[in-house]
Amino acid sequence: MRKPYVILIGSASGIGKSTIAAELAKSLNIKHLIESDFIRAVVRGIIGKEYAPALHSSSYDAYKHIRNKSRYENYEELVSAGFDDHAAYVIPALEKIIQRAITDYDDIIIEGVHLVPGLINIEQFKDDANIYFFILSSDEESHKERFVKRAIRIHRGGKQLDFFKENRIIHNHLLDQAKNNNVTIINSESIESTLDSILTIINKSCTTIKLVNTIEELEDVVDIVSNKNNGTLEKIIYNFKGFKEPLIRNINVYDTKSANRFINTLNENKDKKEYLSQLYSLSEYRETRICAPNKEKLDKIIKELDEKGYVLNE
């Protein structure tokens with residue numbers, strides 16, 4: 001029997017994690033989808049406000065209940081600490097739910113702001129489940145637009161409109177925690193691209209092909225793989241004549257934002273571009289590991305690259 005899926009999707013309010021989690025559940029045919037807000041409501045019924053005022057506050061204003069606020073150097077640290085206190089009451093219950101799902105061999109998706117990398121202990125489940133942990137991110141302008149729309153749409157959301165600054169601090173705090181704990185960050189641009197990025201990692205429909213594009217054609221290669229087909233570029237292997245060991249570069253271009261950032265950095269940094277040009281000149285081809293959300297999209301990527309003459313056909 002295969003290990004059950006445990007998929008965790010965290011982000012600040014207004015990024016789109018509920019929508020992505022629902023679409024992911026449909027794509028993978030997973031019937032158990034849980035919002036951490038519901039678990040928080042249950043925990044609140046057990047632990048009274050007088051014992052846990054941070055729990056009975058919202059994630060964005062739990063900092064108000066921190067004692068000795070002066071020990072924090074700035075407002076961002078204070079808000080983040082209050083948020084962590086708030087989430088810490090919910091996480092033990094979330095871990096119990098994960099354990100129950102694993103015991104019953106049930107796939108499960110959990111989404112919510114309370115999924116804080118470093119606070120939730122996923123290591124304890126890795127031997128018994130396929131664990132995938134994602135933190136969704138967004139640029140500030142897009143986040144604000146979604147945040148306002150969400151606050152207007154939901155019945156209880158009006159009061160959140162005054163707390164976008166605090167939610168943005170939580171957003172940045174989650175990204176920092178994700179980086180510190182090797183949790184995958186997915187840039188949430190559109191539902192389709194975000195879902196494809198997640199499915200690419202979960203399904204891992206990958207192949208390694210030999211590319212012969214020039215340095216000037218690299219932007220077109222990245223455009224075909226990432227921007228047009230939501231694929232990823234994970235690894236490049238350079239084989240040099242006369243050398244026994246190849247040069248391996250893990251590039252991990254997981255979404256269009258990182259792809260465009262990679263190309264922009266290359267175009268703006270002449271020394272880096274020249275270094276890459278030298279590597280190209282020393283190798284006849286580059287073995288490149290490409291992944292996509294499914295085999296159909298992977299085949300489409302390879303076909304488009306081949307039609308442009310970028311694939312070495314031996």
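These are my notebook entries on one chain, taken from a predicted model.

**Entry 1: the whole chain**

I began with the overall make-up and found 10 helices and 9 strands. I then looked at the extent of the chain: its C-alpha atoms fill a box of roughly 70 × 50 × 40 Å along the principal axes. Of the 314 residues, 48% count as buried. I noted that the chain exposes about 16500 Å², with 47% of this area supplied by carbon and sulfur atoms.

I also looked up the contacts with a separation of 6 or more, and 75% of them join residues 24 or more positions apart. For charges, I wrote down 44 positive and 47 negative side chains. The centres of these two sets lie 3 Å apart.

**Entry 2: the open sheet**

In what order do the 5 strands of the open sheet lie? I read the order as β2-β3-β1-β4-β5, and the pairing is parallel. The edge strands are β2 (residues 32-35) and β5 (residues 184-187), each of which pairs on one side only. On average, neighbouring strands of this sheet are turned by 20° against each other, direction ignored.

I then checked what packs on the sheet.

Strand β1 (residues 5-10) pairs with strand β3 (residues 108-112) in the parallel sense, over 5 bridges. One residue I traced was Ile9, whose bridge partner in β3 is Glu111.

**Entry 3: helix α7**

Which residues of helix α7 (residues 218-227) are buried? I listed Leu218, Val221, Val222, Ile224, Val225 and Ser226.

**Entry 4: Ser197**

I located Ser197 in helix α6, which covers residues 191-203. Is Ser197 buried or exposed? Its relative accessibility is 5%, and buried means under 20%, so Ser197 counts as buried.

Leaving aside neighbours within four places in sequence, I found Ser197 in contact with Ile186, Tyr254 and Asp255. Last, I compared Ser197 with Glu296: they are 99 residues apart in sequence, and their C-alpha atoms are 15 Å apart in space.

Key
Residues numbered from 1 in each chain as written. Predicted model: local features only at pLDDT ≥ 70, side-chain atom pairs only at ≥ 80, totals over all residues. Heavy atoms only, no water. Helix = DSSP H or I, 4+ residues; strand = E, 2+ residues; numbered from the N terminus. Buried < 20%, exposed > 50% of the residue type's maximum accessible area, 1.4 Å probe, protein only. Contact = heavy atoms within 4.5 Å. Pairing = 2+ DSSP bridges. Axes fitted to C-alpha atoms, helices over the stretch in contact; angles between N-to-C directions. Areas by Shrake-Rupley, 256 points an atom, 1.4 Å probe, with all protein chains shown as cover. Lys, Arg positive; Asp, Glu negative; His and termini not counted. Charge placed at Lys NZ, Arg CZ, Asp CG, Glu CD.
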